[in-house]
Amino acid sequence: MPLDFPSYSLKNVALRQNLLAAMDHRGVTISLGDGFLVLPGADMGTFAADLDALAELGVPWINAVSLDPDLDRTFDQFAALAELAAQRHIRTAVEPVPGLTVGDLPTALAALEHVGRPDFRLLIDTMHLVRSGAGPADLAAIDPDLIGYAQLNDTTLAPRLDNYMEEAMFERMVPGEGELPLREILPLLPADVVLEIEVPRRSLALEGVSPIDRVRPCVDAARRLLSEVA
């Protein structure tokens with residue numbers, strides 16, 4: 001069964017208005033706008049319309065990663081993006097992802113120092129943090145005020161797939177069912193940080209498992225973990 005989702009764009013005014021109405025009806029908000037990529041030679045100004053749409057939706061954070069191998073240029077582009085976002089009262093987080101230009105915690109911290117803005121902070125993804133070679137001790141060594149957002153998920157310590165990004169994008173594990181030191185990591189996050197559950201499980205979707213049945217075990221597991229470390 002292919003996952004044949006229809007294409008859409010939140011720059012579509014009617015779709016955005018429908019989404020706003022649905023959010024208001026359900027009493028929910030969007031915590032993060034994802035997918036802001038720094039590419040070689042790209043102009044961050046091209047994200048203006050995307051940021052306008054997210055601002056209308058009340059999104060407080062965006063997430064940035066880089067595919068530009070030039071680290072200095074990447075840092076400058078992060079600064080330009082953070083300024084554009086700030087003009088719309090949106091904060092920016094940088095997510096260290098193994099294999100990308102900002103692939104680990106030290107490089108992400110260097111990005112924060114270069115940009116030098118209080119509204120430009122770290123996004124801690126538990127899988128990426130541990131697979132990049134860091135752990136609870138490394139997280140404890142940094143100022144928690146530098147952490148603006150967090151993504152909770154689990155996996156094994158050794159790769160489960162040959163392609164890291166394939167695993168990260170499509171096949172993560174329910175929190176507590178893998179080998180990540182989540183009980184040690186969670187208490188190190190700021191008490192007021194938004195903790196997003198990011199557990200894509202494409203194999204289950206292809207088997208016909210509904211979105212709610214894929215999400216419910218993750219939410220239940222996250223609540224158990226949080227109650228254990230509270």
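Predicted model: local features only at pLDDT ≥ 70, side-chain atom pairs only at ≥ 80, totals over all residues.
Which residue has its backbone oxygen 3.4 Å from a polar atom of the side chain of Asn153? That residue is Glu198.

**Asn153**
- Asn153 belongs to the loop that runs between strand E5 (147-152) and helix H7 (164-170).
- With a relative accessibility of 0%, Asn153 counts as buried, because the cut-off for that class is under 20%.
- Its side chain makes a polar contact with the side chain of Arg172, at 3.4 Å.
- Beyond neighbours within four places in sequence, the residues in contact with Asn153 include Asp125, Thr126 and Met127.
- The contacts of Asn153 also include Met173, Pro175, Leu180, Leu182 and Val199, as well as Arg172 and Glu198.

**Aromatic pairs**
- Two aromatic pairs are present in the structure.
- One of them joins Phe78 and Phe120, with 5.8 Å from centre to centre and 40° between the planes, and is tilted.
- Phe78 is part of helix H3 (residues 71-86) and Phe120 is part of strand E4 (residues 120-125), so this pair ties together parts 42 residues apart in sequence.
- Phe78 counts as buried because its relative accessibility is 0%.
- Phe120 counts as buried too, with a relative accessibility of 2%.

**Charge over a ring**
- The ring of Phe170 has the charged end of Arg202 sitting over it.
- The distance from that charged end of Arg202 to the centre of the Phe170 ring is 3.8 Å.

Definitions and conventions: Residues numbered from 1 in each chain as written. Heavy atoms only, no water. Phe/Tyr/Trp six-rings, centres within 6.5 Å; stacked < 30°, edge-to-face > 60°. Helix = DSSP H or I, 4+ residues; strand = E, 2+ residues; numbered from the N terminus. Buried < 20%, exposed > 50% of the residue type's maximum accessible area, 1.4 Å probe, protein only. Lys NZ or Arg CZ within 6 Å of the ring centre and 35° of its normal. Polar contact = N/O pair within 3.5 Å; in protein donor to acceptor, adjacent residues only side chain to side chain. Contact = heavy atoms within 4.5 Å.
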